[in-house]
Amino acid sequence: MALSVPASKGMLLPVSDSPRAAGDESLFKSSAMTKRGAYAALAYMSCAVLLVLFNKAALSSYSFPFANVITLFQMICSTALLYAMKRWKIISFAVGEPWASDSGSLVPFRTILKTLPLSLSYLLYMLASMESVRGVNVPMYTTLRRTTVVFTMTMEYLLTRQKYSFPIFGSVALIVFGAFVAGARDLSFDAYGYAIVFVANITTAIYLATIARVGKSSGLNSFGLMWCNGLVCGPILLLWTFIRGDLQSTVNFPYLYSPGFQIVMLFSCIMAFFLNYSIFLNTTLNSAVTQTMCGNLKDLFTVGLGWILFGGLPFDLLNVIGQVLGFLGSGLYAYCKLKGK
């Protein structure tokens, strides 16, 4: 059966940085960010907050010990949704004109090989990010994750020689300083947990920089890149969880058939799909560093909800000061970006 999508009605969702319509700059005059870029940033921040909370609920509240299994479920769910939407002619996998395909291979094998670095960096990013949520409380997790912007700027410079203005550097320095201030008196300090968070920061930076480099040259849009990630990473993760015995242990998990746990897992998988989509869209419409800074801005809500729902960090004035400095740095970056500085 052909999988062609009529150009006039196949593209119901934004998938990449298409030519700007007239008036697209009306929101931010003289700015590097368009309306679509702003919407992509807001969508990412909303999905990211919800996903962290659902993952934290599964790993901590229900004490589910297998982060890799959650990642596997998320990949399976995302791949299934992509296949269904492609069959229903809701989306396309290619930039520009939709594709027609008479085989089950929705993306040519040569293109999949071309996106292999992106897929492998995505796998490392997913595994490290999932494990990092377990090791520390939500407020400190979001605080440490703010330092990702330093690694991202470094990777962008190494890969694309991207340079930034002094105000941008100043906002980043303020964020990093705030993170160290906030964590100075963390009574729940866990060396392993902190180390995993920093590993997650490094893998996130590599992943975002790879999106900006490989994603734009592959000929695929956001959905096509997500499809390739699922095809490459899914079997690897399935084999890994089987060898480690995580799948068998999951079958014996006492809360596996609990409605509450199943609802948490379902929403975790759904939000992971929309988060990955918004990450691709935000990174291609804006930049890898802007994507990272959006992660910092959304932390205000993650910290507040995490404190209320999960606790784990007693009130401390130094921590609050550090959080405020981080948010001010993120706000400064957003202002500079909107003004095109």
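Visitor: What makes helix 2 and helix 9 a pair, and how do you describe their crossing?
Guide: In this predicted model, the axes of helix 2 (residues 67–87) and helix 9 (residues 222–244) come within 9 Å and cross at roughly 145°. The crossing is left-handed. Angle and axis distance are how two packed helices are described.

Visitor: Which residues of helix 2 and helix 9 meet?
Guide: On the helix 2 side, the list includes Asn-68, Leu-72, Met-75 and Tyr-83. Among their partners in helix 9 are Phe-223, Trp-227, Cys-233 and Arg-244. By class, this contact has 13 nonpolar, six polar and one charged residues.

Visitor: Why is Ser-119 called buried?
Guide: Buried means under 20% relative accessible area. Ser-119 has 0% relative accessibility, so it counts as buried. You'll find Ser-119 in helix 4 (residues 116–135).

Visitor: And what does Ser-119 touch, leaving out residues up to four places away in sequence?
Guide: Ser-119 touches Cys-228, Asn-229, Val-232 and Cys-233.

Visitor: How do you know that the span of helix 7 is close to the expected one?
Guide: The expected span is 1.5 Å times one less than the number of residues. Helix 7 (residues 166–182) has 17 residues, and 24 Å is expected; from first C-alpha to last, helix 7 reaches 24 Å. Its buried residues include Ile-168, Val-172 and Ala-179.

Visitor: What does UniProt list as "transmembrane region", and what is the chain like there?
Guide: The unreviewed UniProt entry lists several stretches, including residues 191–211 and 223–243. Residues 191–211 are 100% helix and 0% strand, with end C-alpha atoms 30 Å apart. For residues 223–243, you get 100% helix, 0% strand and 30 Å between the end C-alpha atoms.

Note on methods
Residues numbered from 1 in each chain as written. Predicted model: local features only at pLDDT ≥ 70, side-chain atom pairs only at ≥ 80, totals over all residues. Heavy atoms only, no water. Axes fitted to C-alpha atoms, helices over the stretch in contact; angles between N-to-C directions. Helix = DSSP H or I, 4+ residues; strand = E, 2+ residues; numbered from the N terminus. Left-handed = near helix turned anticlockwise from the far one by under 90°. Contact = heavy atoms within 4.5 Å. Nonpolar A, V, L, I, M, F, W, Y, C, P; charged D, E, K, R; others polar. Buried < 20%, exposed > 50% of the residue type's maximum accessible area, 1.4 Å probe, protein only. UniProt positions renumbered as here; feature names shortened; annotations may be inferred.
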